[in-house]
Amino acid sequence: MPRRLHRLDVALLAGMSLAAAAVASRFMEPGYPSAWDGGAHFVRLRAMAELFLPHGRTDGWCPWWFDGFVPFQFYPSLFFVVVAGLYHLLGGTVALLTLFKLAIIAAWALLPPAVWVLARTFRFSRYGALVAAGASLGLSAPQGIGIQGLFGIGLIPQGVGLLLFCLGLAALHVGITVGGRHVPRAALLAAAVVCTHIISGVYLAIAGALYVVMALSRRRWRRRRTLRRAFVIAALTTGMCVATLAPLVIWPELRGPGTGWSDHHFLPDFLAGRLFSGPIVTWLAVAFVVGLRVRRFETAFLVTLALLTAPFAAGAVTTGIGPVDDVARQILRHRALPYLALLTALFAGGACDVLRRWAARVPLAGYVVAGVLATLVVWETQAGVRSLAWIIQVDAHHTTTEKANFLKAFHWLRDHAANPTVVGFDDRYDERFGEPGYTQLASRIVLEAERSTLLGNQPEATLAHNGEVLVHLHDWEPDRILAALRRYDVGYLIAWVDEVEQNLTRSPAFSVVYRAGGVRVFAVDGVGGFASGDGIRVEAADLQPERMVWLLRNDQPAPAQATLAVAWHPNWRAALGGLPVPLGETEDHLSTVTLGPGPVLLTLTWVRPWWNPVLNLASAGVLLVTVLIWWRNRKHT
């Protein structure tokens with residue numbers, strides 16, 4: 001359990017947090033986050049604030065197709081709930097975008113204190129804990145996972161999850177060793193990790209299981225008490241998270257394909273400091289592991305956790321069992337790099353403390369070594385922070401002609417395109433694209449033009465979208481492109497290269513309706529109503545986020561299939577003329593209904609299954625019980 005916090009520790013930790021906030025302050029400049037798909041997460045927040053929370057919900061369906069929005073409930077939502085809830089609590093006096101940026105900056109600024117708490121809880125000295133806290137600011141990982149993901153690739157929940165993981169693991173240790181009010185507190189923090197980023201929660205569960213196994217192997221531990229406390233923490237955590245975890249188990253097919261990231265040359269890159277820290281911090285961490293004191297349980301546990309995680313993160317461990325390897329790839333391959341980065345910073349602090357105490361055998365030498373080591377870590381950390389600073393970007397940092405032309409196109413769509421309508425674009429990787437990136441363009445269409453989007457270029461996605469056509473606007477035949485776009489009800493296209501215009505204008509179905517420099521907006525003929533099919537006509541449509549009504553006409557004498565430009569989900573219920581009908585699913589995950597000849601009224605309603613509110617009530621009930629247990633134990637200690 002951490003000892004009393006000294007004033008010097010407070011001052012140094014505050015300095016670290018202020019330094020992080022100062023570096024990230026450029027995030028507060030005007031505009032949306034512009035590094036990769038960071039802006040897409042703001043659209044998620046906007047969906048939470050405008051569509052879900054006002055109706056007392058934290059999930060549902062919305063027309064913003066891209067980036068996994070359709071099965072919204074399969075993305076842990078606590079971060080978005082907290083920020084959107086604060087927005088409503090303040091009565092909208094502070095802009096939602098401002099709160100979003102402040103929350104991201106706070107997650108980075110609070111990481112050093114969280115690492116300090118973890119280090120002190122696991123019996124690191126004050127000096128070692130402070131060094132580890134400082135080194136944590138320079139954490140990074142390939143593809144922007146973890147802290148870098150707060151600003152770069154947009155994996156904001158994992159960045160926040162890393163912060164909560166530190167506190168959750170520390171609370172787990174105290175809860176099992178001390179008990180009392182620390183048991184429900186550990187459960188509350190563990191549940192926060194799961195509900196913020198499920199992969200972080202699974203990793204915490206694996207770490208907790210390893211902790212219990214190692215504790216039971218030590219004779220000095222009381223096994224029955226250890227198991228009892230661990231079971232209570234696990235039960236309370238699971239109970240609070242049932243509403244988050246159950247849909248993933250019940251509807252696993254909605255999770256979509258796994259990650260497509262390549263393996264890393266782990267050991268050479270790690271030793272060279274290229275993965276997530278720097279050579280000084282890395283080699284200090286190696287020194288700490290080599291000098292492991294097996295008798296100290298906390299140290300042995302952390303090192304064992306790191307050594308077991310590294311092979312999975314490098315993709316070096318496979319079982320040959322398909323489902324097991326799929327889970328391992330999702331949870332421990334690549335996504336585990338931030339946790340190894342965290343442990344590297346922690347071990348660097350521990351190694352500095354060991355070297356300081358070794359040098360202290362000579363008078364004053366310990367102070368000199370401590371100063372030198374701290375200086376080296378600070379120097380390397382600031383280099384790591386600088387490497388993160390370049391990805392802390394907003395639109396104000398990209399005042400290019402291309403950006404201005406994109407914005408003009410967005411504004412034209414907002415003022416002239418029907419709503420609802422879907423906007424697609426040439427989302428190939430292209431150096432002529434400029435900034436922001438391809439997912440940012442989709443985000444900006446939603447945020448600036450207030451229109452739906454279809455994104456076709458996703459390395460990892462849910463089954464909610466599949467717009468392959470959008471990477472072939474330059475080389476598919478126009479008729480083939482038109483047929484695909486009608487399925488998705490894409491009424492407008494945005495392109496910025498000549499070859500797309502040269503290809504599309506071979507067909508009268510595509511016409512340039514607006515130009516802004518090199519950016520063209522194409523109208524797509526014969527699209528509208530979010531429904532299509534042979535002989536199917538849309539005579540009227542009223543499309544709300546969770547209730548859609550069509551007046552359709554089947555001009556054929558026989559029944560015909562209508563394809564709806566609505567991503568399939570088991571929560572949709574279809575009715576024809578008020579009578580329930582089955583809802584089919586196409587290969588590209590759209591919804592289908594079979595219509596009889598003539599006119600018919602089709603209704604599509606998002607209906608939550610009976611168990612959904614039951615799970616929500618169960619989670620809320622366990623949360624209340626956990627808080628009551630904590631309060632009761634607090635009063636008696």
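Figure 1. C241 has a relative accessible area of 0% and is buried (under 20% relative accessible area; over 50% is exposed and in between is partly exposed, with a 1.4 Å probe and protein chains only). C195 is also buried, at 16% relative accessibility. The sulfur of C195 lies 3.8 Å from that of C241, its closest cysteine sulfur, which is too far for a bond. C241 is in no disulfide (a pair of cysteine sulfur atoms within 2.5 Å). Across the whole structure, the search finds zero disulfides.

This is a predicted model, in which local features need pLDDT of at least 70 and side-chain atom pairs count only at pLDDT 80 or more, while totals for chains, interfaces and linings use all residues. Residues are numbered from 1 along each chain as its sequence is written, and side-chain values use heavy atoms, with hydrogens and water left out.

**Figure 2. Helix α5 and its cover.** Helix α5 spans residues 111–121 (helices are DSSP runs of H or I with at least four residues, strands are runs of E with at least two, and both are numbered from the N terminus). Nine of its 11 residues are buried, so α5 is largely enclosed by the rest of the structure. Those buried are L111, P112, A114, V115, W116, L118, A119, R120 and T121. Their cover includes α1 (7–24), α4, α6 (126–136), α7 (156–177) and α15 (337–359). Just after α5, R123 takes a positive phi of about 65°.

**Figure 3. Packing of α4 against α5.** Helix α4 (residues 96–109) meets α5 at an angle of about 35°, and the axes are 5 Å apart. Axes are lines fitted to C-alpha atoms, for helices over the stretch in contact, and angles run from 0 to 180 degrees between N-to-C directions. From α4, the contact uses A107, W108 and A109; from α5, it uses L111, P112 and P113. Contact means heavy atoms within 4.5 Å. The contact residues divide into six nonpolar, no polar and no charged. Here Ala, Val, Leu, Ile, Met, Phe, Trp, Tyr, Cys and Pro count as nonpolar, Asp, Glu, Lys and Arg as charged, and the others, Gly among them, as polar.

**Figure 4. Aromatic pairs.** The whole structure holds 26 aromatic pairs. Rings of Phe, Tyr and Trp (its six-membered ring) pair if their centres lie within 6.5 Å; planes under 30 degrees apart are stacked, over 60 edge-to-face and the rest tilted. W61 and W572 are edge-to-face, with ring centres 5.3 Å apart and planes at 65°. W61 lies in the loop between α2 (38–52) and α3 (78–89), and W572 in strand β10 (residues 572–576), so the pair ties together parts 511 residues apart in sequence. W61 is buried at 1% relative accessibility, and W572 is buried at 3%. Y211 and W221 form another edge-to-face pair, 5.9 Å centre to centre with 80° between the planes. Y211 belongs to helix α9 (residues 198–216) and W221 to the loop between α9 and α10 (223–250), so this pair ties together parts 10 residues apart in sequence. Ring pairs also link Y32, F42, F79, F80 and F100 into a cluster.

**Figure 5. R480 over W476.** The charged end of R480 sits over the ring of W476, 3.6 Å from its centre. The criterion is NZ of Lys or CZ of Arg within 6 Å of the ring centre and within 35 degrees of the ring normal.
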